[in-house]
Amino acid sequence: MLGLFSTLNLASHSLQAQMTGIEVTGQNLANVNTTGYSRQVVHITANPDIQTGIGPEGTGANATSIQQIVSNLMNSQIQSQNSTSGYWNAQQSALQSGQNDLAEFLSGNGSASGASATAAATGATDTGLDGQLSALFNGFQSVAASPTSVSARQALVGQAQTVAASFNGVNTQLNSINQSLNASLTSDVSSANQLLTQIATLNSQITSAQFNGGNANDLSDEREQDLENLSQLTNISTSSGNNGAVNITIAGQTLVSGNTVNDTLQTYDPGNGNLLVQTTKGQVNLTLTGGSMQGTIDARDGTLATLQSNLNALASTLITQVNNVNSAGYGLTGSTGNSFFNGSDASTITVNPALVTNPSLVQASASPTSPGDNTVALQLAQLGTTPQAGLDNQTFNGSYASTVADLGGALDDANSQVTNQTTVTNMLATQRSSISGVSIDQEMTNMMTYQQAYQASAQLVTTVNTMLTDTLAMKTS
Amino acid sequence: MLMRVASNSYTNAMLDQFNTLVARQNTLQSEVSTGLSVQTPSDNPVAMQNTLNYLADNATQQQYSANISTLQARADTVDNVLQSLQSASSQASQIATSAGNVTTNSPTQLATYADQVNQLINQVVTAANTQDPATGQYLFGGTASGAPPYTTTTGANGDVTAATYNGNSTVNQVPIGSNLTATVDIPGANPGATGARGLITDQQSGADFLNHLISLRNDLQAGDTTAIAGTDTANLQHDENNISFQVANNGVQQTKLTAAATFATNNTQSLNQQISDASSANIVNVMVQLSQAQTAYQAALESGSKIMSLSLLNYMPA
């Protein structure tokens, strides 16, 4: 039999247990908006019975543990999907920049805003190199139509300058994107190293806490958040170490082992200025398989490099073909042998400054004694509709349209992947949240439950106290 | 078993839905305001490629139209010159016919005719040196059109004694369609048996208008009515025939240009339709979709605000 004092003690333990429940509820409510927080529950366990003559008698209850509700499976899936999301987000961002800098857009005049079933037929105009190339070859035609007209030649030279300036501008912008992507990669590597260090430190703190018999719920949440951030940067493999530590492997290299950062990441230049990633100590070149780092690398060395290469080929072919035809002709002054374009690719193409100063030097005639002849101007104009071997047997405009479509296709694909990944990650986040997230309704219910139990235990104390007082009164009276 | 729903799931899901609906509205609004369903390459890469190709073709067609306009304006100028030359040729023939009739002409009358022919010579030289008002290009110098095609030599009395052609017999072809060219240029002289027929001098037709006028004037001044009635009259007939040929040929070229202009306009309209099909928005559909998106957005906002404001907390005693 417990007796009044033991019952009072039982009530005291009960009060503590319910108070712990209230505390954990408060902790959950306080972190309802904390990113990565996993809800906690308090486990209240009945104390061992004592045997009495009338059977086992309970001795109350104690709060025995505070458990974090997590799903390692969900965490693992989210890390994996984060890596994919990071990859496509980086691709999308890089390719969007490429599309913006190419500046090949269709613009409308709003004439289609009426109630007609189809848009006005003449609504679309393009803003980039496509229209400028057309204008250049049309400029040659205008000279062919009026070969002695200096104003037609001035207009032609102006169109050529516009084309050259666009090539230069796009090339400069693409170089700028390249540098930005290198900087982004370097920044990602730096962030990854910081996260590796943080995770190793958290490993140390978690193992220490658990070694001493405690728990490290909030530290585990923090580490999980770091792992998810790291997985956005690159694809990681994790394995469980001793006492709750997590080991991290990237591209086959174990970088964090327990409390130790074995190695970190760094960028290196393979020789072409396009940075890649390797381990710092071992200098092992890594083949990453996901995350924003590889997304950046793939966008830079894939679609954007192809875009720049195609534009260079386009500019180079334009320079060569126009110069080949033009140099054989004769200007209004009888000049011959002059180049029309200078330079060799998109970065260097310019109009021969002599033509800018004196458009009469445009060599449109096939004869030095016939300045009004348009034979060469016609040949130059025909270049616009002639398939070019250097451009996969496409015309200049056709090749450029293919290049634009390739970039658009890659970005469209990235956009779709990002949308899909957003759906997947949102779904996983909701799923995980259904397990680990804090529900205010649930916590309020728990709070009322613990409050009621606390009030009941307090009433028990009051009752026992009254009984003790009554008992003592029996002695004194 | 029902899935447990955490409090933040509401807000996160709602935020995603709001973002999706706002983005959708932005896209549709942009389509309505521009009339285009494709504005960037990534909107629809294939449609963008097709549209760029159509636009390039369209630009070429528009250049053909511009070339045709240039040639039509030039053909009109050429036609005016031809009309004046035809008039001069007619006058010269009348003078030769009249002067060749020996019974009706006195020396004074012949001298008057000679003066009239001198004026005709100057008119013809001026006409042969006509420039295109738009470009300044000499119309009858062939491709050597940087300088006046005809220069004259005058005698002591101021009469033109010789006319020299400084041009050539080549003419420029100008594109007016795919694999289609035209020319309205006429060389001042073509001494060869092939190529475009010369306006003033042409071996194929036997025309040599200026020299024939000079001969007529010389014969008038010399009173050689036999030559006037014989050689001069016959020569002037060659000139008149040649000018008539040029007038007819100019008409043919103008008809060709008109047909080409119609063809280019039709091509442009066809390409515009293809551009529209590839890139334009179907406004009715877009407006309906925009209305749907707006309704969905309003519903999401309204339902969200109601759900967000509720929890068990609202029903707990203070």
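In this report, a residue is called buried under 20% relative accessible area, exposed over 50% and partly exposed in between, with a 1.4 Å probe and protein chains only. By that rule B:T97 is exposed, with a relative accessible area of 53%. The residue B:T97 belongs to helix α2 (residues 45-100) of chain B. Between B:T97 and B:V171 there are 74 residues in sequence and 35 Å in space, C-alpha to C-alpha.

The model is predicted: local features need pLDDT of at least 70 and side-chain atom pairs pLDDT 80 or more, while totals for chains, interfaces and linings use all residues. Residues are numbered from 1 along each chain as its sequence is written, chains are lettered from A and ligands numbered from 1 in the order in which they are written, and side-chain values use heavy atoms, without hydrogens and water.

**Chain A as a whole**

Chain A contains eleven helices and 14 strands, taken as DSSP runs numbered from the N terminus (helices: H or I, at least four residues; strands: E, at least two). The radius of gyration of chain A is 38 Å, whereas a compact globule of 477 residues would have one near 23 Å; the value is taken over C-alpha atoms, and the globule rule is 2.2 Å times the number of residues to the power 0.38. The C-alpha trace of chain A spans about 145 × 65 × 30 Å along its principal axes.

Of the 477 residues of chain A, 46% are buried. Among contacts in chain A with a separation of 6 or more, 67% join residues 24 or more positions apart, a contact being heavy atoms within 4.5 Å. Chain A carries 7 positive and 27 negative side chains, where Lys and Arg count as positive and Asp and Glu as negative, leaving out His and the chain ends.

**Aromatic pairs**

Over all chains, the search finds seven aromatic pairs. Rings of Phe, Tyr and Trp (its six-membered ring) pair if their centres lie within 6.5 Å; planes under 30 degrees apart are stacked, over 60 edge-to-face and the rest tilted. Two of these pairs are tabulated.

| Pair | Centre to centre | Angle between planes | Class |
|---|---|---|---|
| A:F137 and A:F140 | 6.3 Å | 45 degrees | tilted |
| A:F340 and A:F341 | 5.0 Å | 80 degrees | edge-to-face |

A:F137 and A:F140 are separated by about one helical turn because they are three residues apart in helix α3 (residues 129-145) of chain A. Both A:F137 and A:F140 are buried. A:F340 is buried at 0% relative accessibility, and A:F341 is buried at 1%.

Technical notes
Charge placed at Lys NZ, Arg CZ, Asp CG, Glu CD.
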